[in-house]
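Subject: Structure handover

Hello,

I am passing on a structure for you to look at. Please open it first and then read the notes below.

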Amino acid sequence: MRPLRYSINVTLDGCCHHEAGLPPDEESMRYWAAEMERADALLFGRVTYEMMESAWRRPATGTWPDWMDEWQLPFAEAIDGAKKHVVSSTLSDVDWNAELLPGDLGQAVERLKKEPGEGLFVSGVTLPLALADLGLIDEYVFVVQPILAGHGPTLLAGLRERIELELVDRQEFTSGVFALRYRPTRSTA
């Protein structure tokens with residue numbers, strides 16, 4: 001069964017807005033490219049899909065834009081080429097190597113998890129909350145930014161039940177960022 005991994009940047013006060021943390025640097029982009037490589041497919045809600053597509057889809061010319069530094073290319077290549085599944089009640093069509101995930105969310109994600117492969121990657125705010133509530137996330141990766149944002153959407157706000165996690169890995173970046181990898185503890189009772 002493929003694990004579903006939730007990865008997100010988060011500030012020390014829990015803000016998950018994509019502009020609240022530190023700007024990407026070479027080290028963080030290498031980390032995120034490696035995370036993309038660990039996934040057979042990406043699972044996005046509409047908002048995250050549209051945001052990522054606008055930033056990381058290869059232009060029709062085939063040439064990456066001038067603003068993109070050389071160290072951003074491995075991440076850009078990984079996310080652009082990845083298979084994507086999009087959960088949306090408002091979109092009727094997607095492209096960018098993507099397909100809409102039809103039907104009941106829980107059943108659809110369970111089907112994806114049963115397919116052979118290395119894993120699925122999910123990011124964003126709303127969709128991961130629904131997946132956490134359904135108990136479908138197998139790994140949580142919080143890339144903790146040394147910033148207090150004081151505003152914005154917060155990590156898993158509205159979670160119905162407490163989820164206990166065990167730390168399985170951590171990585172410190174020179175910027176002061178920590179990537180903390182957790183797995184839910186499974187009750188044996």
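This is a predicted model: local features need pLDDT of at least 70, side-chain atom pairs count only at pLDDT 80 or more; totals for chains, interfaces and linings use all residues.

Residues are numbered from 1 along each chain as its sequence is written, and side-chain values use heavy atoms, with hydrogens and water left out.

Nonpolar cores

A nonpolar core here is a set of buried Ala, Val, Leu, Ile, Met, Phe, Trp, Tyr and Cys residues joined through side-chain atoms within 4.5 Å. Buried means under 20% relative accessible area, exposed over 50%, and partly exposed in between, with a 1.4 Å probe and protein chains only. Helices (H or I, at least four residues) and strands (E, at least two) are DSSP runs numbered from the N terminus.

The largest nonpolar core has 28 residues, and the members that touch the most others are Leu42, Trp56, Phe75, Ile79 and Val143. Two or more residues each come from α1 (26–37), β2 (41–45), α2 (46–56), α3 (73–81) and β6 (139–145). The largest share, 5 residues, is that of α1. Apart from this core lies another, of 25 residues, including Cys16, Val122, Leu131 and Tyr140.

Contact means heavy atoms within 4.5 Å. Not counting residues up to four places away in sequence, Ile79 touches Met36, Leu42, Phe44, Met52, Trp56, Lys84 and Trp96.

Helices

In α3, Phe75, Ala76, Ala78, Ile79 and Asp80 are buried. Their cover includes α1, β2, α2 and β3.

Helix α5 (residues 126–133) has Leu127, Pro128, Leu129, Leu131 and Ala132 as buried residues. Among the elements that cover them are β1 (4–11), β2, β3 (83–87), α4 (105–114), β5 (120–122) and β6.

Single residues

Thr48 is part of helix α2 and counts as buried at 10% relative accessibility. Apart from neighbours within four places in sequence, Thr48 is in contact with Ser123 and Gly124.

Trp96 sits in the loop between β3 and β4 (98–100). Its phi is near 60°, a positive value in a residue other than glycine. Trp96 is buried, with a relative accessible area of 4%.

Leu156, in the loop between β6 and β7 (165–172), is not a glycine either, yet has a positive phi of about 50°. The relative accessible area of Leu156 is 14%, so this residue is buried.

Strand pairing

Two strands pair if DSSP finds at least two bridges between them. Strands β2 and β3 pair in the parallel sense over 5 bridges, and Leu42 has Lys84 in β3 as its bridge partner. Strands β3 and β4 also run parallel, joined by 3 bridges. Here Lys84 stands opposite Ala98 in β4.

Cysteines

How many disulfides does the structure hold? There are 0, a disulfide being a pair of cysteine sulfur atoms within 2.5 Å. Cys15 is buried, with a relative accessible area of 1%. Cys16 also counts as buried, at 8% relative accessibility.

Regards
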